[in-house]
Amino acid sequence: MSRTKKLTYAGVLCGVAIVGSALSFPIFGSRCAPVQHIVNVIAAVLFGPFYAIGMAFVSSLIRNMLSMGTILAFPGSMFGAFLAGVMFKIFKKPSMAALGEIFGTSVLGGLAAYPLAIKFLGSVAGTIFFYSYILPFFVSTSVGAILGLCIIKIWKKGGYKIA
């Protein structure tokens with residue numbers, strides 16, 4: 001795939017993640033956006049870890065600039081996107097990308113969200129227990145990763161060469 005084509009698809013997928021963040025729901029102190037996780041799994045499979053993490057960063061940045069997310073969008077998407085890409089690169093199975101997305105976002109992203117919440121969201125966020133971001137991130141990323149995996153399987157059945 002040419003670089004221009006990759007950047008075009010990446011831009012479209014970032015747009016989907018940004019617009020899809022309107023479909024979010026609050027759980028504790030975070031705003032869960034499963035569409036971002038759908039995009040992360042698809043990006044990891046199509047483009048690999050570096051495009052996936054770049055797309056997660058750009059989507060999170062634009063969502064924050066448009067007041068459609070919080071600072072927690074960064075660890076809540078970037079860890080999962082990167083780990084999804086790495087897992088897919090190693091195992092060559094979309095299901096492993098989905099598992100990487102779930103673990104990376106819920107555990108690594110959830111742990112990384114705590115200090116950001118204290119620093120940027122104030123003392124109210126600081127009163128939440130250290131591990132409290134893992135559960136809401138797990139809910140969001142599980143729904144999104146499973147849906148992303150389903151989309152990839154549908155594309156494969158339709159004859160699209162995924163990977």
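This is a predicted model: local features need pLDDT of at least 70, side-chain atom pairs count only at pLDDT 80 or more; totals for chains, interfaces and linings use all residues.
**The whole chain**

The chain holds 7 helices and 2 strands. Read from the N terminus, the order of elements is α-β-β-α-α-α-α-α-α.

How does the radius of gyration fit a compact globule? For 163 residues, such a globule would have a value near 15 Å. The chain has 15 Å, so the two agree. Along the principal axes, the C-alpha atoms fill a box of roughly 50 × 30 × 25 Å.

Of the 163 residues, 46% count as buried. The accessible surface of the chain is about 8,200 Å². Carbon and sulfur atoms account for 74% of that surface.

Contacts also tell us about the fold. Take the contacts between residues at least 6 apart in sequence. Of these, 67% join residues at least 24 apart.

The table sets out where each residue lies and how accessible it is.

| Residue | Loop | Relative accessibility |
|---|---|---|
| Serine 21 | between α1 (3-20) and β1 (25-27) | 1% |
| Serine 67 | between α3 (49-65) and α4 (73-91) | 62% |
| Lysine 92 | between α4 and α5 (94-121) | 58% |

Start with serine 21. Is serine 21 buried or exposed? Its relative accessibility is 1%, and buried means under 20%, so serine 21 counts as buried. Which residues does serine 21 touch, leaving out those up to four places away in sequence? They are Ala33, Arg63 and Met68.

Now turn to serine 67, in the loop between α3 and α4. Exposed means over 50% relative accessible area, and serine 67 has 62%, so it counts as exposed. Its backbone deserves a look too. Most residues other than glycine have a negative phi. Serine 67 has a phi near 55°, a positive value in a residue other than glycine.

Lysine 92 sits in the loop between α4 and α5. What is the phi of lysine 92? It is about 60°, positive although lysine 92 is not a glycine. Lysine 92 has a relative accessible area of 58%, over the 50% cut-off, so this residue is exposed.

**In brief**

Serine 21 is a buried loop residue. Serine 67 is exposed and has a positive phi. Lysine 92 is exposed and has a positive phi.

Methods. Residues are numbered from 1 along each chain as its sequence is written. Side-chain values use heavy atoms; hydrogens and water are left out. Helices (H or I, at least four residues) and strands (E, at least two) are DSSP runs, numbered from the N terminus. Buried means under 20% relative accessible area, exposed over 50%, partly exposed in between (1.4 Å probe, protein chains only). Contact means heavy atoms within 4.5 Å. The radius of gyration is taken over C-alpha atoms; the globule rule is 2.2 Å times the number of residues to the power 0.38. Accessible areas come from the Shrake-Rupley method with a 1.4 Å probe; for residues, only the protein chains shown count as cover.
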